[in-house]
Amino acid sequence: TLRKPISQSSMADWASKNLNMHTQGIFRRRISISNMLSWNGGSIKKPMLITSNRTIKKEACEMFKLVQSYMGDRQTRMDRNHVALVTVTKCWSVQGLRDELYIQLIRQTTDNTCYRSLAWGWELMAISLAFFSPSPKFQSYLEGYIYRHLDSDENIAQRIKELVDMKNKKNSKSRKKRKQNTEDEGLPISTYAKYCYRKLQKVAITGGKKGLRKPTVEEITHARNAIVTPSLFGSSLEEIMLRQQDMYPGNKLPWVQTQLSQQVLALGGEQTEGIFRVPGDIDEVNALKLQVDQWRIPSSLSDPNVPASLLKLWYRELEEPVIPQQFYKECISNYENPDAAVAVVQLLPELNRLVLCYLIHFLQIFAQPSNVGRTKMDVNNLAMVMAPNCLRCQSDDPRVIFENTRKEMSFLRMLIVHLDTSFIKGLV
């Protein structure tokens with residue numbers, strides 16, 4: 001469900017307080033907020049957002065040219081992949097540039113008379129959201145902007161037509177040089193907006209790309225492809241099963257779940273101290289994630305902590321947790337009752353039940369005394385690291401979260417100890 005974001009009047013108020021108002025002409029007249037937030041074919045002389053940071057003041061103007069280049073509004077020798085890479089890397093490295101990029105994209109996708117340019121602007125926004133979030137201060141403004149475009153395709157087409165007609169009446173030859181294409185080229189804008197809205201919700205929580213390695217062209221391509229082809233990470237179980245229908249039509253379980261689990265065991269994870277507690281190298285985890293999203297498992301893996309970390313991430317990033325939200329209260333109410341805990345599992349939708357039983361069966365391997373001696377991960381430790389990936393507390397109250405965390409762990413412990421998962425053996 002989509003939260004209703006801030007109103008347009010609140011957005012206007014935010015803009016009036018945070019925009020670095022530009023001037024024009026020999027009398028240096030201030031440009032209005034509406035013009036500041038409308039497509040611009042020229043360059044800018046200073047950042048769009050108020051800042052005292054000299055680096056941002058300089059980089060913002062160069063970044064505006066990169067945005068124009070990606071959208072096809074400025075000529076460049078670089079291909080669009082490289083333009084996106086340079087843009088994203090700047091913002092990923094310099095946190096203060098992130099809001100500036102998003103406000104520039106808002107400007108260049110407002111009253112834009114070229115549909116292709118408009119779509120590419122939204123595409124760059126979607127790619128950027130795969131790497132970093134806006135600041136908390138700017139998030140509600142960006143959220144409001146994206147929200148207004150969720151069902152806006154007819155309005156956009158009408159607006160482009162009106163703007164083109166107005167410019168034609170003025171008969172400005174310099175303006176008419178720009179390609180004025182109102183036909184749909186590629187995806188509807190609402191498709192980008194819906195993707196960006198969901199991505200914004202997630203990146204605001206997860207914080208985007210982590211690690212020390214800078215973004216790569218492969219990651220840029222992957223982020224663009226994810227707009228049309230949802231990732232195996234962050235999707236719903238149903239979407240994942242639908243995606244694998246062509247490649248693995250007979251599978252009852254998500255390929256990503258079974259493959260990563262088998263990799264952990266193949267690399268000796270059940271004999272590795274601190275498995276699931278010790279994180280794998282973040283850059284190696286990121287690289288593996290890219291491969292898995294292309295249905296590949298590299299043969300070069302050597303550290304079981306890498307697939308183990310990615311497996312935890314897959315569970316954690318599911319659009320809806322393995323144990324759906326409507327069963328949450330029942331789980332934490334029966335955290336000390338083995339029979340009731342097992343009974344909850346039987347109530348789950350079939351796909352969720354199978355996925356959860358596969359996970360519990362997997363954890364039961366690690367809970368065997370012969371393995372615990374090596375891993376130092378007994379049933380309590382396993383429940384502690386895995387419970388947050390299966391159950392999600394919706395409360396904002398720190399006391400409720402703290403209390404429920406203990407109950408979540410206890411519930412998962414009950415399942416590891418008491419749930420019969422023998423039927424899962426051999427299931428894929």
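Because the model is predicted, local features need pLDDT of at least 70 and side-chain atom pairs count only at pLDDT 80 or more, while totals for chains, interfaces and linings use all residues.

**Stop 1: the two domains**

Colour residues 8–168 + 187–226 as domain 1 and 238–426 as domain 2; these bounds come from an automatic or database domain assignment. Their centres, taken over C-alpha atoms, are 37 Å apart. Where they touch, domain 1 supplies 11 residues and domain 2 supplies eight residues, with contact meaning heavy atoms within 4.5 Å.

The two domains bury about 830 Å² between them, 50% of it on carbon and sulfur atoms. Buried area here is the accessible area (1.4 Å probe) that two parts lose on being put together, summed over both. Now select R198, R213 and H222 in domain 1: they lose the most area to domain 2, together 51% of what that side buries.

**Stop 2: α6 beside α10**

Next, show residues 115–129 (helix α6) and 189–206 (helix α10). Helices are DSSP runs (H or I, at least four residues), numbered from the N terminus. The axes of α6 and α10 lie 9 Å apart, at an angle of about 15°; axes are lines fitted to C-alpha atoms over the stretch in contact, and angles run from 0 to 180 degrees between N-to-C directions. The pair is therefore roughly parallel, a term for angles under 35 degrees.

The contact divides into 14 nonpolar, no polar and two charged residues. Nonpolar covers Ala, Val, Leu, Ile, Met, Phe, Trp, Tyr, Cys and Pro; charged covers Asp, Glu, Lys and Arg; the others, Gly among them, are polar.

**Stop 3: α4 across α6**

Select R80, A84 and V88 in α4, which meet W120, E123, L124, I127 and S128 in α6. By class, this contact has five nonpolar, one polar and two charged residues.

Methods
Residues are numbered from 1 along each chain as its sequence is written. Side-chain values use heavy atoms; hydrogens and water are left out. Helices (H or I, at least four residues) and strands (E, at least two) are DSSP runs, numbered from the N terminus. Angles under 35 degrees count as roughly parallel, over 145 as roughly antiparallel, 65 to 115 as roughly perpendicular and the rest as oblique.
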